[in-house]
Amino acid sequence: MSDALWYFARGSGVVSLVLLTVVVALGIGARSGRPAFGLPRFAVSLLHRNAALLAVVFLAGHVISLLFDPYAQLRVLDLVLPFAGSYRPLWQGLGTLALDLVLALVVTSLLRHRLGARTWRIVHWLAYLCWPVALAHGLGTGTDRAVWWLWTIALTCAAVVAAAVIWRISPSFARFPARAERRIAPRLRPHLEEVSR
Ligand code: HEM
């Protein structure tokens, strides 16, 4: 039984990292406001949201299985308070920090209409911190941290996020005006930009 938990914990951790990578890339694609990755605009946003929710499901599986794993010896406190654990406190703490950030991103997105666009957007920038923190955790703490396949997955994920971020900061990333926006009076456009952020 404990072997099954341990395998599940490792597998769900790796799947979470891959999903977070997909979420970051799709989030940047959605922000571009144009069709991306061969998908129409609405599909990019929808996939971004659903991939994020799926990542949360796998993350829940990751931490709950570790909570019951006799080797990990995690306490509930270790799931919320970073760097408080006794086993590899730095690397495990990075996992806790990434989890806290994921929860902040998901909760503020679910409450986006109540919080307002500006607050949501400020919190959403934390995604750029969350992803490398999760990557460092996976490479630093896992049983498979010295195994080729984990490094292959991690480097592929890093390449995907790096490509998306380079696209995001490139001049060609200028926001693609939607049809409705293109029809709107020029004097209202700055206001619309502010609201849609
Ligand atoms: C965004 C959040 C997280 C992601 C993406 C993530 C991902 C990963 C990955 C990829 C591994 C390596 C698995 C392997 O070696 O095959 C791992 C291992 C591990 N994670 Fe996480 N993790 C996250 C959060 C957490 C949290 C909150 C905790 C608990 C405080 C935690 C505890 C552990 C432990 C103890 C291991 C070592 C498992 C083992 O090899 O026995 N993780 N995680």
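Q: Great. What kind of model is it, and how are residues numbered?
A: It is a predicted model, where local features need pLDDT of at least 70, side-chain atom pairs count only at pLDDT 80 or more, and totals for chains, interfaces and linings use all residues. Residues are numbered from 1 along each chain as its sequence is written.

Q: Thanks! How many helices and strands are there?
A: The protein has ten helices and zero strands. Helices (H or I, at least four residues) and strands (E, at least two) are DSSP runs, numbered from the N terminus.

Q: And what share of the residues is buried?
A: Of the 197 residues in the protein, 26% are buried. A residue is buried if 20 or more other C-beta atoms lie within 10 Å of its own, exposed if 12 or fewer, and partly exposed in between, with C-beta atoms placed from the backbone.

Q: Okay. What percentage of the contacts with a separation of 6 or more is between residues 24 or more positions apart?
A: That comes to 62%. Contact here requires C-beta atoms, placed from the backbone, within 7 Å of each other.

Q: Let's go inside. Which residues have the most contacts within the largest nonpolar core?
A: Leu20, Val23, Val24 and Ala134 do, in a core of 33 residues. Such a core is a set of buried Ala, Val, Leu, Ile, Met, Phe, Trp, Tyr and Cys residues joined through C-beta atoms within 7 Å. At least two residues each come from α1, α2, α4, α7 and α8, and α1 gives the most to this core, with eleven residues. As background, nonpolar side chains tend to be buried together in soluble globular proteins.

Q: What does leucine 20 touch?
A: Leaving out residues up to four places away in sequence, leucine 20 touches Ala55, Trp131 and Ala134.

Q: And leucine 26, why is that one called buried?
A: Leucine 26 counts as buried because it has 24 C-beta neighbours inside 10 Å. This residue sits in helix α1. With residues up to four places away in sequence not counted, leucine 26 touches Val44, Leu47, His48 and Ala51.

Q: Let's switch to α8. Which of its residues are buried?
A: Cys157, Val161 and Ala164 are the buried residues of α8. Seen down the axis of α8, they fall within an arc of 60°, so they line one face of the helix. That arc is taken over the directions from the helix axis to the C-beta atoms. The buried residues pack against α1 and α7, while residues exposed on the other side of α8 include Trp148, Thr152 and Leu155.

Q: How far does α8 reach?
A: With 22 residues, α8 reaches 31 Å from its first C-alpha to its last, close to the 32 Å expected at 1.5 Å a residue. The expected span is 1.5 Å times one less than the number of residues.

Q: What about α2, what covers its buried residues?
A: The cover includes α1, α3 and α4. Among the buried residues of α2 are Val44, His48, Ala51 and Ala55.

Q: Now the ligand! Which residues are closest to it?
A: The closest are Gly13, Gly95, Gly138, Gly142 and Thr143, out of 31 residues that surround the ligand. A residue is near a molecule if its C-beta atom, placed from the backbone, lies within 6 Å of it. The largest share of the shell, eight residues, comes from α1.

Q: How does that shell divide by residue type?
A: It divides into 16 nonpolar, eleven polar and four charged residues. Ala, Val, Leu, Ile, Met, Phe, Trp, Tyr, Cys and Pro count as nonpolar, Asp, Glu, Lys and Arg as charged, and the others, Gly among them, as polar.

Q: Last topic: what is phi for phenylalanine 83 and arginine 88?
A: Phi is near 65° for phenylalanine 83 and near 40° for arginine 88. Most residues other than glycine have a negative phi. Phenylalanine 83 is in the loop between α3 and α4, and arginine 88 is in the loop between α3 and α4 too.

Q: Is phenylalanine 83 buried, exposed or partly exposed?
A: Phenylalanine 83 is partly exposed, because 13 other C-beta atoms lie within 10 Å.

Technical notes: Contact = placed C-beta atoms within 7 Å.
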